Number of protein chains: 2
Amino acid sequence: MESTIKSTLVQSLGESNGEFVSGQRIAEIMGCSRTAVWKHIEELRQEGYVVEAVRKKGYRIMSSPDTVSAIEIQNGLKTKKLGQHIIHYDTIDSTQKIAHQLVQEGAPEGTMVISEEQTIGRGRLTRNWYSPKYTGIWMSIILRPNLPPVKAPQFTLITAVAVAKAITEVTGLEAEIKWPNDILIQGRKVTGILTELVAESDRINAIIIGIGMNVNQTVEDFPEELKTVATSLLIEGNEPSKRSELVKEILIGLEKYYALYMTEGFYPIKLLWESYSISIGKQVIARTFNETIEGTALGITDDGVLRLQDKNNKIHKIYSADIEMK
Amino acid sequence: MESTIKSTLVQSLGESNGEFVSGQRIAEIMGCSRTAVWKHIEELRQEGYVVEAVRKKGYRIMSSPDTVSAIEIQNGLKTKKLGQHIIHYDTIDSTQKIAHQLVQEGAPEGTMVISEEQTIGRGRLTRNWYSPKYTGIWMSIILRPNLPPVKAPQFTLITAVAVAKAITEVTGLEAEIKWPNDILIQGRKVTGILTELVAESDRINAIIIGIGMNVNQTVEDFPEELKTVATSLLIEGNEPSKRSELVKEILIGLEKYYALYMTEGFYPIKLLWESYSISIGKQVIARTFNETIEGTALGITDDGVLRLQDKNNKIHKIYSADIEMK
């Protein structure tokens, strides 16, 4: 089904908030015959929409399929920039890779790439990210802040706050942030954030924020090596979530915190981040490229660097590490 | 002409260093008949090679066309990594854009994109770069140093030294560096360098170094608005240069200084850079995003930042600016 026709049809049905919309009215909005409307409704049904049709009343959408298409995400989305351009794939190697290509082609701020599945999903430090079909959120968002490159790491923290808040809003589950880029529920990873930078020496060209969220996987869906460390919102909350709702909340939150950061600086973000953090005040083991440091996580600096106090009271600044909670 | 055949043919002729190579010998190397050799030689001639053919002696190349194809650049190139993978275009929008795509596809360090012409050549701060056909060097080189993103600006200075040295080696002209990224001859710009960074928060994924060099343009070739500020090696030296020779020297120098930097750090690069610099010790006007500062350029810091002393003896650190010599 051609996507602008589909979009107009879904919007015309959505406008009425659950009331019936007459075939005549839809035909007027779409500029086509009532027979054509009937055909388009049939196509919608084939794509997983449940549409009720009642003689003399018209049509109404009873439920939409759980896709993360542009139509589903943009339906009722109240953002100014984020998610206003969405490129949706049924399957793709990596949304992050596509986002990099779009940056080179001059894609505007807020452009987003999302796929039902990634075949070579990317994690931090060129690790893989398991991204099976229809059960998670695999997306990349392009921001273009007018800032020096040194500010880029702060965007991981801004995003972490937006994601943790979105999870709590949609599912009621308590999401926690493990420095620098993991979102956990009950100690298991439910979301990873990958912040990539494209820059000249003194100026950010783009920040590409990759978000991978486990939503509707069951325990059996995870490969053996991930079962003890990873979880999904379904496993933790015992009910499936609508992925497009989560995406909308992430976009709304990220737009809000990004604006806050650009006007007020990092301080309010730092406070929010610390309120979600499980690392702060705890004993942790930090494995960096060169060494392993045990100590108490004191907090983060204004640059998003982790401050760790070892048993000799020496304070270490951790720029990059894998963190294990003791 | 198919490029691997051409490459084998040019190499088999090049091996002999100006001596004749028999048709029989070439046929053996290429694994084809002597009639096929004759046909391939004809094709070479059509592409601008001058090939002498003498009965009972064989063939020899008298001159090659001035292209910057992989064959021309790699013929006799003594580098380990840089330029070992070359993607050559007759025309392309931007070599920098292609290099970004190659980075996303995992291109190895040293991969290089070069085009005879750019239709949308890119300069610093998204300015355009005038890149007409066959007269200049329009190239992008991918490096993958295992370093934090904060080191990226130093690569502009490493490249500037390699480019200035290559110009002097090939043409004998005295090239000077104007901070941060311009190479001048007699006060006019002959080369610009654009360093772009692709990184995670704490780790460089790739540095893409764009080099645009005016080589064989005449004064008439430049658009009116560039005539007073830009120049070419031909204009300054009164003779044309072989572009592939310049590219080779740039690659050799860049590989050398990059290795020096990775083992010894920035200090030796800084000394080299200062030896080519025209800004240091001079009165300059620095126009930054926010302000205009006049003063004496004292030198650069280990981060490649310009130190500028104003008339009240206050020292300013300049991260990004357009510099005008007073």
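Through which surface do the copies meet, judging by the interface residues of chain B and chain A? In this predicted model, 100% of the interface residues of chain B are also interface residues in chain A, so the copies meet through the same surface. The views below take a look at how the two chains go together.

**View 1. Chain B laid on chain A.**

**View 2. Helix α5 of chain A with helix α5 of chain B.** Here you see residues 95-104 of each chain, packed at an angle of about 175° with their axes 10 Å apart. Because of that angle, α5(A) is roughly antiparallel to α5(B). On one side of the contact are Gln96(A), Lys97(A), His100(A), Gln101(A) and Gln104(A), and they meet Gln96(B), Lys97(B), His100(B), Gln101(B) and Gln104(B) in α5(B). Sorted by class, this contact holds 8 polar and 2 charged residues, with no nonpolar ones.

**View 3. Ile167 in the largest nonpolar core.** This core has 124 residues, and of these Ile167(A) and Ile167(B) touch the most other members. Now follow Ile167(B) to its neighbours: leaving aside residues up to four places away in sequence, Ile167(B) touches Gly172(B), Leu173(B), Ala175(B), Ile183(B), Ile185(B), Val190(B), Thr191(B), Met213(B), Leu233(B) and Leu246(B).

Note on methods:
Residues numbered from 1 in each chain as written. Chains lettered and ligands numbered in written order. Predicted model: local features only at pLDDT ≥ 70, side-chain atom pairs only at ≥ 80, totals over all residues. Heavy atoms only, no water. Axes fitted to C-alpha atoms, helices over the stretch in contact; angles between N-to-C directions. Helix = DSSP H or I, 4+ residues; strand = E, 2+ residues; numbered from the N terminus. Parallel < 35°, antiparallel > 145°, perpendicular 65-115°, else oblique. Contact = heavy atoms within 4.5 Å. Nonpolar A, V, L, I, M, F, W, Y, C, P; charged D, E, K, R; others polar. Core = buried A, V, L, I, M, F, W, Y, C linked by side-chain atoms within 4.5 Å. Buried < 20%, exposed > 50% of the residue type's maximum accessible area, 1.4 Å probe, protein only.
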